[in-house]
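Take a walk through this chain, from its overall layout down to single residues. Start with how its parts are arranged.

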Amino acid sequence: MKHQQLFIDHAYWTAERKRLQEAGSEEMSKCDRVQAGLERFKFNEKTCIESVHEAWRSQPGDPYSGGPSFEEDWLEAISEGSVCEHCINVRDLRKQRMAAGRKLGGIRSAITRIGQRLAKANGGGCD
Ligand SMILES: [Zn+2]
């Protein structure tokens with residue numbers, strides 16, 4: 001059947017998105033700051049991402065009024081060496097996960113369209 005590939009792709013991207021999500025939370029738990037916090041019995045240490053985000057939010061001016069975007073502050077933090085490699089991986093995995101989510105969304109709407117066509121061909125009822 002010609003729609004078989006859609007179902008194969010759907011299964012693939014569902015698994016891929018899950019894998020990326022798990023890899024992301026594993027990397028997050030490896031964050032240097034979080035690990036250092038655990039050693040000092042501080043369990044609520046922020047990740048590098050949360051720290052940069054907090055600093056970005058608390059500065060005057062927002063991206064809508066010409067302030068830096070989070071991405072700009074993040075890249076600056078990377079060049080200053082103030083974020084660990086795990087947090088860089090977390091954001092990378094997150095981007096990949098969102099791309100996988102968009103692929104999945106496209107596949108789902110294609111499946112929905114086929115379903116609607118089949119329903120019409122069957123006279124619109126579900127008998
Ligand atoms: Zn980190």
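The centres of domain 1 and domain 2, taken over C-alpha atoms, are 29 Å apart. The chain is divided into domain 1 (1-30 + 87-120) and domain 2 (32-83); such bounds come from an automatic or database domain assignment. This is a predicted model, in which local features need pLDDT of at least 70, side-chain atom pairs count only at pLDDT 80 or more, and totals for chains, interfaces and linings use all residues. Residues are numbered from 1 along each chain as its sequence is written.

Now the secondary structure. The chain holds five helices and zero strands. Helices (H or I, at least four residues) and strands (E, at least two) are DSSP runs, numbered from the N terminus. Read from the N terminus on, the elements run α-α-α-α-α.

The overall dimensions come next. Along its principal axes the C-alpha trace spans about 65 × 40 × 25 Å. The radius of gyration of the chain is 21 Å, whereas a compact globule of 127 residues would have one near 14 Å. That radius is taken over C-alpha atoms, and the globule rule is 2.2 Å times the number of residues to the power 0.38. Of the 127 residues, 15% count as buried. A residue is buried if 20 or more other C-beta atoms lie within 10 Å of its own, exposed if 12 or fewer, and partly exposed in between, with C-beta atoms placed from the backbone. Among contacts with a separation of 6 or more, 69% join residues 24 or more positions apart. Two residues are in contact if their C-beta atoms, placed from the backbone, lie within 7 Å.

How do the two domains meet? Seven residues of domain 1 are in contact with seven residues of domain 2. On the domain 1 side, α1 (4-29) and α5 each supply at least two of the touching residues. Helix α5 gives the most, with four residues. By class, this side of domain 1 has four nonpolar, one polar and two charged residues. Here Ala, Val, Leu, Ile, Met, Phe, Trp, Tyr, Cys and Pro count as nonpolar, Asp, Glu, Lys and Arg as charged, and the others, Gly among them, as polar.

The largest nonpolar core has 12 residues: Cys-31, Val-34, Cys-48, Ile-49, Val-52, Trp-56, Trp-74, Val-83, Cys-84, Cys-87, Val-90 and Leu-93. A nonpolar core is a set of buried Ala, Val, Leu, Ile, Met, Phe, Trp, Tyr and Cys residues joined through C-beta atoms within 7 Å. Both α3 (48-58) and α5 (85-121) supply at least two residues of this core. The largest share, four residues, comes from α3. Why does this core lie between the domains? Domain 1 and domain 2 both give residues to this core, so it lies between them. Take Cys-31 as one core member. Leaving aside neighbours within four places in sequence, Cys-31 is in contact with Thr-47, Cys-48, Cys-84, His-86 and Cys-87.

Follow α5 next. Its 37 residues should span 54 Å at 1.5 Å a residue, and its end C-alpha atoms are 54 Å apart, which agrees. The expected span is 1.5 Å times one less than the number of residues. Its buried residues are His-86, Cys-87, Val-90, Leu-93, Ala-100 and Ile-107. They pack against α1, α2 (32-39) and α3. Just after α5, Gly-123 takes a positive phi of about 90 degrees.

Leu-20 is found in α1. It counts as partly exposed, with 19 C-beta neighbours inside 10 Å. Beyond four places in sequence, Leu-20 is in contact with Leu-93, Gln-96, Arg-97 and Ala-100. Leu-104 is found in α5. With 17 other C-beta atoms within 10 Å, Leu-104 is partly exposed. Not counting residues up to four places away in sequence, Leu-104 touches Trp-13, Thr-14 and Arg-17. The C-alpha atoms of Leu-104 and Lys-42 are separated by 39 Å.

Asp-73 is partly exposed, with 17 other C-beta atoms within 10 Å. Leaving aside neighbours within four places in sequence, Asp-73 is in contact with Val-52, Trp-56 and Pro-68. Asp-73 and Ala-55 are 18 residues apart in sequence and 8.9 Å apart in space, C-alpha to C-alpha.
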